[in-house]
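User: Hi! I'm new to this one, could you walk me through it?
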Amino acid sequence: MSKKTALITGGAGFLGSHLCDRLIAEGFRVICMDNLVTGNERNIRHLLKNRDFVFIRHDVSKFIGVKGNVEYVLHFASPASPEDYLKLPIQTLKVGSLGTHNALGLAKEKKAVFFLASTSEVYGDPLVHPQVEKYWGNVNPVGIRGCYDEAKRFAEAMTMAYHRVHRIDTRIVRIFNTYGPRMRIRDGRVVPNFIYQALNGKPLTVYGRGSQTRSFCYVDDLIDGIYRLMRSRFNDPVNIGNPREFTILTLARILLRLSDTKSKIVFKPLPQDDPKQRKPDISRARKVLGWEPKIPLEKGLKLTLAWFKNNLKTLQ
């Protein structure tokens, strides 16, 4: 029996590369497609000699052509950190619109399952807490974060349009804050930011009073949820994330303790449109997928810190 093939756009990125690992381990043939704007070949270097793994350097905002059978198209390509999408707003909008259109076109051609990596940012600065999938969000379309928020909202709309019009079998995951090995140490997200600052003896930068909350999911838990959703028959959006909520100030204090640093905490003004709360309601994931996160924050942070310490020289 021949192996099923999964094409992962953005496969050399943080989440994409972990998904490549999981699908290879599950017996898939994996085609990893990435233009390496925010991804990095070192994330997939260990897979390059695997006969079931193929890397194609390509910008998915342009036509995607692949020979042979493809059973799954998983669209993970996009700048995902504020530092990246604020620097690359047009590219972010293009990969969310044109890239999604091209990936859906490939899924239609191959009669493949299409999987969209969406985000909790579709909820914007939420007026509903915790965020449940039926909530439509509170997004500023012309604000500085609108390029990412609206790109993902558009991608969801296009995915559902292809599902309804062309009968494409689709999945949509709304990913909440995730951390772990292979994050870029200076990508602007809070966990690698704090780790970089702590390991280099710099002050940890907390915006506002640090009272804004986030829910941090370790990458292995997230990938398990994604895999379960991929193999399910559920077409509506599903939140995947850790419902345990922490303030940013609490996160900073935990990392100071775990990293055994003499760094201090400094406070800076809150960025524009920064969400005050972020917590997933994962009732749907529990019911439909039998999934919930297992790795507590401190354990996940220890694993992440150890990886960054071992790779610090190559990441600077």
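Analyst: Happy to; we'll look at some aromatic rings and then an arginine. This is a predicted model, where local features need pLDDT of at least 70, side-chain atom pairs count only at pLDDT 80 or more, and totals for chains, interfaces and linings use all residues. Residues are numbered from 1 along each chain as its sequence is written, and side-chain values use heavy atoms, with hydrogens and water left out.

User: Great. How many aromatic pairs are there?
Analyst: The count is seven aromatic pairs, where rings of Phe, Tyr and Trp (its six-membered ring) pair if their centres lie within 6.5 Å; planes under 30 degrees apart are stacked, over 60 edge-to-face and the rest tilted. One of them joins tyrosine 123 and tyrosine 135, stacked at 6.0 Å centre to centre with 15° between the planes.

User: Which residues make up the cluster that ring pairs link?
Analyst: Tyr123, Tyr135 and Phe176. The planes of tyrosine 123 and phenylalanine 176 are at 40°, so that pair is tilted, with centres 6.1 Å apart. These two residues are 53 residues apart in the chain.

User: Is tyrosine 123 buried or exposed?
Analyst: Tyrosine 123 is buried, with a relative accessible area of 0%; buried means under 20%, exposed over 50%, partly exposed in between (1.4 Å probe, protein chains only). Tyrosine 135 is buried as well, at 14%.

User: New topic: what about arginine 233, buried or exposed?
Analyst: Arginine 233 is exposed, with a relative accessible area of 70%.

User: And what does arginine 233 touch?
Analyst: Asp169 and Arg171, leaving aside residues up to four places away in sequence; contact means heavy atoms within 4.5 Å.

Technical notes. Helices (H or I, at least four residues) and strands (E, at least two) are DSSP runs, numbered from the N terminus.
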